[in-house]
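Please read the numbered points alongside the sequence and the model.

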Amino acid sequence: MSSVASVHSLWTAAAGAPGKIPAPHIEYTQLAPTLIVLGAAVLGIVIEAFVPRRHRYYSQLLLALVALAAGFAAVIGLAAGGFGSSKAHIAAMGALAVDGPALFLQGTILLVSLVAVFTFAERRLDPVAHGNRVDSFAAQPAAVPGGAAEQAAVKAGFTTTEVFPILLFAVGGMLVFPAANDLLTLFIALEVFSLPLYILCALARRQRLLSQEAAVKYFLLGAFSSAFLLFGVALLYGYAGTVTYAGIAEVISDGAKQIDPALAGTMGNDALLLIGAALVLMGLLFKVGAVPFHMWTPDVYQGAPTPVTGFMAAATKVAAFGALLRLLYVVLPGMRWDWQPVMWGVAILTMLGGAIVAITQTDIKRLLAYSSIAHAGFLLAGVLATSEEGISSVLFYLGAYSFVTLGAFAVVTLVRDAGGEATALSKWAGLGRRSPLVAAVFAVFLLAFAGIPLTSGFAGKFAVFKAAAQGGAGWLVVVGVLSSAIAAFFYIRVIVLMFFNEPKADGPTVAVPSPLTTTAIAIGVAVTLVLGLAPQYFLDLAGQAGVFVR
């Protein structure tokens with residue numbers, strides 16, 4: 001009874017002394033891009049619950065497009081208001097940074113997601129089933145694959161419109177991830193965008209079991225990586241007595257000047273710092289798909305519905321590299337001599353591993369997965385430049401790479417046979433003779449991946465390798481160029497297969513898409529060529545955005 005009275009007296013004392021519990025100060029305008037997207041995601045759930053099924057598809061599609069466009073407009077407004085440069089600061093009581101890299105990455109994620117929504121909404125590629133147009137997603141995802149409930153849902157012509165709010169939740173988490181300014185916000189953002197992706201991976205209309213297997217693998221390995229990251233956060237808190245980026249960086253550089261007596265026994269312990277930093281980096285390198293944390297990538301890319309694969313491959317990389325840059329440049333610059341050699345090793349393994357293993361692939365989605373691993377290695381070369389040029393080159397490369405990736409996976413959705421998408425490479429033989437335009441567009445994306453001049457891939461690789469060479473990582477550039485040469489072999493092999501081999505009699509056909517997928521592919525080609533032919537404006541833009549607020 002006395003303990004209840006003491007708690008009650010504490011409560012009344014706190015309530016009677018205003019100022020003891022300060023009200024949170026949140027800059028809602030500066031967080032508008034994220035709030036718009038998450039608000040629309042919540043509204044999308046309400047639409048699923050209350051709007052009749054026949055109206056949901058158009059309602060959800062319109063809501064998703066408007067929300068992402070409004071979010072991008074908010075990013076442009078913040079950048080125009082100087083929040084990317086002179087007014088850059090830490091918002092939301094120290095939780096989020098509003099600065100150049102954060103706004104650049106958020107803008108890229110929103111544009112990529114906007115294009116991805118077009119591929120999600122495509123309903124003309126599969127033949128009409130029971131008088132209804134169908135999309136890439138399972139009619140009733142909760143039903144047992146092939147069971148009576150699924151067959152009834154297919155017969156009734158159901159389509160899974162929940163994918164749009166789930167996508168918006170993932171985008172909301174991705175917007176917070178590269179802007180997070182303390183380790184707990186970083187972890188929460190990671191979970192907010194990972195959980196929707198686990199769900200989206202399991203929703204394929206065709207090959208349901210493969211899709212569910214991909215989702216389970218991604219979920220289990222993702223849970224491991226999240227656990228490593230969270231354990232690293234705990235150790236870093238034990239080391240520095242704070243989870244804020246600036247606080248940890250200060251303890252690393254100056255030592256603990258004002259040690260909290262309660263933490264005096266552990267603060268400043270270098271073992272906690274080294275192990276904690278390594279575990280947090282492991283969690284981020286898993287999301288990036290760097291060797292040796294890449295094992296999930298080919299299986300998940302192959303099993304997930306192709307629109308989801310394209311979205312994941314593009315947007316997740318942008319968010320994860322943004323968070324990795326901020327961690328290394330803001331929190332751990334004082335440990336550069338400790339993490340640089342390890343990251344060198346990871347970058348070299350990632351470039352060579354992705355390029356060499358891709359040669360052996362016989363499935364187009366797995367080939368693109370190993371290609372994305374190699375590109376993660378090229379990006380790590382830019383990260384290791386440890387300079388402003390390094391940051392801006394990585395930002396530019398992420399913007400260029402994400403649109404090429406989206407376009408390439410959008411083309412993969414068009415090549416189909418009786419079983420759905422024809423992803424076996426052998427089936428792509430002679431595609432250039434059956435459908436010259438689609439094969440030519442795919443060839444443009446492959447040449448961009450290979451880094452051939454006059455494509456965005458060349459401008460991006462040149463920028464990161466130049467920054468790495470100036471930063472003293474010359475040997476890394478040599479390995480990068482060798483890996484690019486190896487990678488060029490398998491990209492050009494696919495082009496030769498499409499244009500110089502005879503088409504098979506029972507080969508796949510190229511479906512005629514709706515204006516939605518056509519627009520997604522056209523945007524991909526336009527960005528690839530514009531960033532390849534006239535990259536300077538965008539390089540300057542990335543250069544202006546290349547300074548982190550501390």
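1. A definition is needed at the outset: helix axes are lines fitted to C-alpha atoms over the stretch in contact, and the angle between two of them runs from 0 to 180 degrees between N-to-C directions. The model under discussion is a predicted one.

2. On that basis, helix α4 (residues 100–120) packs with helix α20 (residues 515–533) at an angle of about 145°. The axes of α4 and α20 lie 7 Å apart, and their crossing is left-handed.

3. Which residues of α4 and α20 meet? From α4 come Val115, Phe118 and Thr119, and from α20 come Leu516, Thr517, Thr519, Ala520 and Ile523. Sorted by class, the contact of α4 with α20 has five nonpolar and three polar residues, with no charged residues.

4. Proline 196 belongs to helix α7, which spans residues 183–201. Is proline 196 buried or exposed? Its relative accessible area is 9%, and because buried means under 20%, proline 196 is classed as buried. Once neighbours within four places in sequence are left aside, proline 196 is in contact with Ile166, Phe169, Ala170 and Glu191.

5. Leucine 454 is found in the loop between α17 (436–450) and α18 (456–470). Leucine 454 has a relative accessible area of 55%, and because exposed means over 50%, the residue is classed as exposed. Not counting residues up to four places away in sequence, leucine 454 touches Leu529, Gly532 and Leu533. The C-alpha atom of leucine 454 is separated by 44 Å from that of serine 253, and the two residues are 201 residues apart along the chain.

6. How many salt bridges does the structure hold? There are nine salt bridges. One of them is formed by glutamate 48 and arginine 56, with the closest N and O atoms 3.6 Å apart. Both glutamate 48 and arginine 56 are buried.

7. Another salt bridge pairs aspartate 99 with arginine 326, where the closest N and O atoms are 2.9 Å apart. This pair links distant parts of the chain, 227 residues apart: aspartate 99 sits in the loop between β2 (96–98) and α4, and arginine 326 in helix α12 (residues 306–331). Aspartate 99 counts as buried because its relative accessibility is 0%. Arginine 326 likewise counts as buried, at 0% relative accessibility.

8. Lysine 427 forms a salt bridge with aspartate 417, and the closest N and O atoms are 2.7 Å apart. Lysine 427 is in the loop between β4 (420–421) and α16 (431–434), whereas aspartate 417 is in strand β3 (residues 415–417), 10 residues apart. Lysine 427 is partly exposed, with a relative accessible area of 36%. Aspartate 417 also counts as partly exposed, at 26% relative accessibility.

9. A final point concerns shared partners.

Notes: Residues are numbered from 1 along each chain as its sequence is written. This is a predicted model: local features need pLDDT of at least 70, side-chain atom pairs count only at pLDDT 80 or more; totals for chains, interfaces and linings use all residues. Side-chain values use heavy atoms; hydrogens and water are left out. Helices (H or I, at least four residues) and strands (E, at least two) are DSSP runs, numbered from the N terminus. Buried means under 20% relative accessible area, exposed over 50%, partly exposed in between (1.4 Å probe, protein chains only). Contact means heavy atoms within 4.5 Å. A crossing is left-handed if the near helix is turned anticlockwise from the far one by less than a right angle, and right-handed if clockwise. Ala, Val, Leu, Ile, Met, Phe, Trp, Tyr, Cys and Pro count as nonpolar, Asp, Glu, Lys and Arg as charged, and the others, Gly among them, as polar. A salt bridge is a side-chain nitrogen of Lys or Arg within 4 Å of a carboxyl oxygen of Asp or Glu.
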